[in-house]
Amino acid sequence: MTKEQVTDILNKTGVLLNGHFLLTSGRHSDRYMQCAKLFQYPEYSELVCKSLAEGFSDEKVDLVIGPAIGGIIIAYELARQLDAKAIFAEREDGVMTLRRGFEIPAVARVVVAEDVTTTGGSVKEVIELVKQSQAELAGVAVVVDRSNGNVDFGTKLCAAIAMDIPSYEPSECPLCKDGIPVVKPGSRKFRV
């Protein structure tokens, strides 16, 4: 898919929000990508994940894993298209872990899938689970790379779209300095 086609889908599904947001990374931004809105529409989810799957078509992927909550649906759809197994990791006492009987076999070739990445913190935590399992990391797939290609996972990165969306440390945030209230729309709990 072209950047324009992905942008059109993100706009149609109401993914891009404008305001003052606290991101999962702890940084602030005037734009937020609410990819859960994309995943309301299976036909669009399929199209976006198909473009990501094409990036791994030459790989023999056995398993796709995403961090809960944002990576669950993308991991499932990407695994479906790659004819692989899908699982997810979740936080327990603040630590990314495998629960519910999920395992990463040491012989597996694994793709880590996420909806949006800014600093890559959650993805890096899941990559660490893959490494601890001694499985082979085939790469990372994200719907939106907010770093515009600047985040480094030490492996192949396939993004449906890469965008340069500025984010700020709270102490440097111009929106905070202007007194605009901050909103936390994501799944991770923070004190605002």
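Modeller: Helix α2 passes helix α3 in a right-handed crossing; a crossing is left-handed if the near helix is turned anticlockwise from the far one by less than a right angle, and right-handed if clockwise. This is a predicted model, in which local features need pLDDT of at least 70 and side-chain atom pairs count only at pLDDT 80 or more, while totals for chains, interfaces and linings use all residues. Residues are numbered from 1 along each chain as its sequence is written, and side-chain values use heavy atoms, with hydrogens and water left out.

The two helices, α2 (residues 42-54) and α3 (residues 72-82), are DSSP runs of H or I with at least four residues, whereas strands are runs of E with at least two, both numbered from the N terminus. They pack at an angle of about 60°, with their axes 9 Å apart; axes are lines fitted to C-alpha atoms, for helices over the stretch in contact, and angles run from 0 to 180 degrees between N-to-C directions. α2 and α3 are therefore oblique to each other, since angles under 35 degrees count as roughly parallel, over 145 as roughly antiparallel, 65 to 115 as roughly perpendicular and the rest as oblique. On the α2 side, Ser-45, Glu-46, Cys-49, Lys-50, Leu-52 and Ala-53 meet Ile-74, Glu-77, Leu-78, Arg-80, Gln-81 and Leu-82 of α3, contact being heavy atoms within 4.5 Å. These contact residues divide into six nonpolar, two polar and four charged; Ala, Val, Leu, Ile, Met, Phe, Trp, Tyr, Cys and Pro count as nonpolar, Asp, Glu, Lys and Arg as charged, and the others, Gly among them, as polar.

α3 also lies across strands β3, β4, β6 (109-117) and β7, running at about 170° to β3. Together with β3 and β4, α3 makes a right-handed β-α-β unit; a crossover is right-handed if, with the strands pointing away from the viewer, the path from the first strand over the helix to the second runs clockwise. Within this unit, β3 (residues 63-67) and β4 (residues 85-92) run parallel and are joined by five bridges, two strands being paired if DSSP finds at least two bridges between them. Ile-65 has Ile-87 in β4 as its bridge partner. The loop between β3 and α3 contains Ile-69, which a cis peptide bond joins to Ala-68, with omega of about 10°.

Beyond β4, the chain forms a hairpin with β5, with two residues between the strands. β4 and β5 (residues 95-97) run antiparallel over three bridges, and Glu-90 is partnered by Thr-97 in β5. In the turn, Asp-93 has a positive phi of about 55° although it is not a glycine. Most residues other than glycine have a negative phi, and most peptide bonds are trans.

These strands belong to an open sheet of six, ordered β5-β4-β3-β6-β7-β8, with mixed pairing. Its edge strands are β5 and β8 (157-162), each pairing on one side only. Neighbouring strands are turned by 20° against each other on average, direction ignored.
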